[in-house]
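Q: I would like to learn to read a model like this one, feature by feature. Where do we begin?

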Amino acid sequence: MSITNYTELKTAVADWLNRDDIIDARLSDFVSFAENHIYHQLRIPTMERVVLLDTDSEGKAYIPADFLEARDVFFNDTPLDRISLTDLMARGYAAGKPQVFARESGFLTFWPNPGDTTDTDDELRMIYYSEPERLSATNADNSVFLLAPDLYLYGALVEGGIYVGMADEKVGRWKAKFTELMDRLTGHARQAETSGSTATIQSGY
C-alpha cells in the first residue's frame with residue numbers, strides 16, 4: 001500500500017481499522033491527534049527554519065507563528081546561551097550586544113538589551129524547529145509526512161483504535177510501532193546531522 005497524501009492516509013486508517021462506518025470528520029480527528037503527538041515530540045532537520053529577529057525597545061523579539069522550539073540563536077556569528085526568564089530578570093537592565101536570551105510567552109527577550117547599541121550590519125539569527133502545515137483537505141502533504149507517512153498511519157491508528165474500542169493488545173502494537181518509527185526517524189536524523197547525508201526512513205507497511 002502506498003500512502004502519498006492526506007486522502008490516501010484516511011482511507012488507509014479506515015481500512016486498517018476494518019470499519020466502514022466511521023465518518024470522514026472522525027478520520028480527520030485521528031490524523032489531527034496523531035499530528036499533535038508527532039509535532040510535540042519530533043525534532044529533525046526537516047523541521048528546521050531560519051529567521052532574522054528584530055528586537056523592540058525592551059529587547060524583545062516576536063517568534064514565528066509556527067515556532068516549536070529554538071535550536072540555536074546567534075548574534076552575528078556568536079551563539080547565545082538560553083537561560084530561564086527568572087535568571088534573565090535577575091540580571092537587571094543592561095544595554096549592549098546580547099549574550100543570553102529567554103523565552104517569555106510569544107517572544108524572546110535578550111540580555112543585554114541590544115536597543116540602539118547595535119550596528120546596522122549586526123543581526124540576530126535563530127534556527128528553530130517549526131510545525132509543518134497541518135494535513136487537510138487543502139493541504140495534501142507536508143515535509144514530515146512525505147518523509148515518514150507510516151508514522152502518521154500508526155499514530156492515527158492508535159487514536160482510531162481507542163475510539164472504536166479495539167482490544168488493548170492491538171492498539172498497544174500500533175502504539176509500539178509508532179514509538180519505534182519516531183525513535184528511528186530521530187536516530188536517522190541525528191546520524192545524517194553528523195554524516196552530512198539526508199535522513200530517510202524505511203516504510204513500515
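**Reading contacts, charges, strands and rings**

A: Start with one residue and its surroundings. Beyond its neighbours within four places in sequence, Arg 43 is in contact with Leu 68, Glu 69 and Tyr 129. Keep in mind that this is a predicted model.

Q: Where does Arg 43 sit in the chain?

A: Arg 43 belongs to the loop between helix 2 and strand 1. For a sense of distance, take Ile 162, which is 119 residues away along the chain. The C-alpha atoms of Arg 43 and Ile 162 are separated by 26 Å.

Q: How many salt bridges does the count give?

A: The general idea comes first. Side chains of opposite charge can pair when their charged atoms come close. Here the count comes to 14 salt bridges. One of them joins Arg 43 to Glu 69, with the closest N and O atoms 3.0 Å apart. This pair links distant parts of the chain, 26 residues apart, and Glu 69 lies in strand 3 (residues 67–75).

Q: What is the relative accessible area of Glu 69?

A: The value is 34%. Buried would need under 20% and exposed over 50%, so Glu 69 is partly exposed.

Q: Which residue forms a salt bridge with Arg 71?

A: Glu 48 does, and the closest N and O atoms are 2.5 Å apart. Arg 71 is in strand 3 and Glu 48 in strand 1, so the pair ties together parts 23 residues apart in sequence. Arg 71 has 33% relative accessibility and counts as partly exposed.

Q: Which parts of the chain does the pair of Lys 97 and Asp 122 link?

A: Take the geometry first. Lys 97 and Asp 122 form a salt bridge with the closest N and O atoms 3.3 Å apart. Lys 97 is in the loop between helix 3 (85–90) and strand 6, while Asp 122 is in the loop between strand 7 (107–111) and strand 8 (124–130). They are 25 residues apart. Lys 97 is partly exposed, at 40% relative accessible area. Salt bridges can also share partners: Glu 48, Arg 71 and Asp 72 are joined this way into one network.

Q: In what order do the strands of the open sheet run?

A: Four strands form it in the order 2-7-6-5, with mixed pairing. Strand 2 (60–62) and strand 5 (81–82) stand at the edges with a single partner strand each, so one side of each has no neighbour in the sheet. Strand 5 pairs with strand 6 (residues 100–104) in the parallel sense, over two bridges. There, Asp 81 stands opposite Val 100 in strand 6.

Q: How many aromatic pairs are there?

A: The count comes to six. Look at both distance and angle. The rings of Phe 101 and Phe 110 have centres 6.0 Å apart and planes at 35°, so this pair is tilted. Both Phe 101 and Phe 110 are buried. A ring can also face a charge: Arg 91 lies over the face of Trp 111, at 4.9 Å from the ring centre.

Q: Why is helix 5 described as largely enclosed?

A: Of its 16 residues, 14 are buried, so helix 5 is largely enclosed by the rest of the structure. At 1.5 Å a residue, helix 5 (residues 149–164) should span 22 Å, and its end C-alpha atoms are 22 Å apart, which agrees. Just after helix 5, Gly 165 takes a positive phi of about 75°.

Methods
Residues are numbered from 1 along each chain as its sequence is written. This is a predicted model: local features need pLDDT of at least 70, side-chain atom pairs count only at pLDDT 80 or more; totals for chains, interfaces and linings use all residues. Side-chain values use heavy atoms; hydrogens and water are left out. The expected span of a helix is 1.5 Å times one less than its number of residues. Buried means under 20% relative accessible area, exposed over 50%, partly exposed in between (1.4 Å probe, protein chains only). Rings of Phe, Tyr and Trp (its six-membered ring) pair if their centres lie within 6.5 Å; planes under 30 degrees apart count as stacked, over 60 as edge-to-face and the rest as tilted. A charge sits over a ring if NZ of Lys or CZ of Arg is within 6 Å of the ring centre and within 35 degrees of the ring normal. Two strands pair if DSSP finds at least two bridges between them. A salt bridge is a side-chain nitrogen of Lys or Arg within 4 Å of a carboxyl oxygen of Asp or Glu. Contact means heavy atoms within 4.5 Å.
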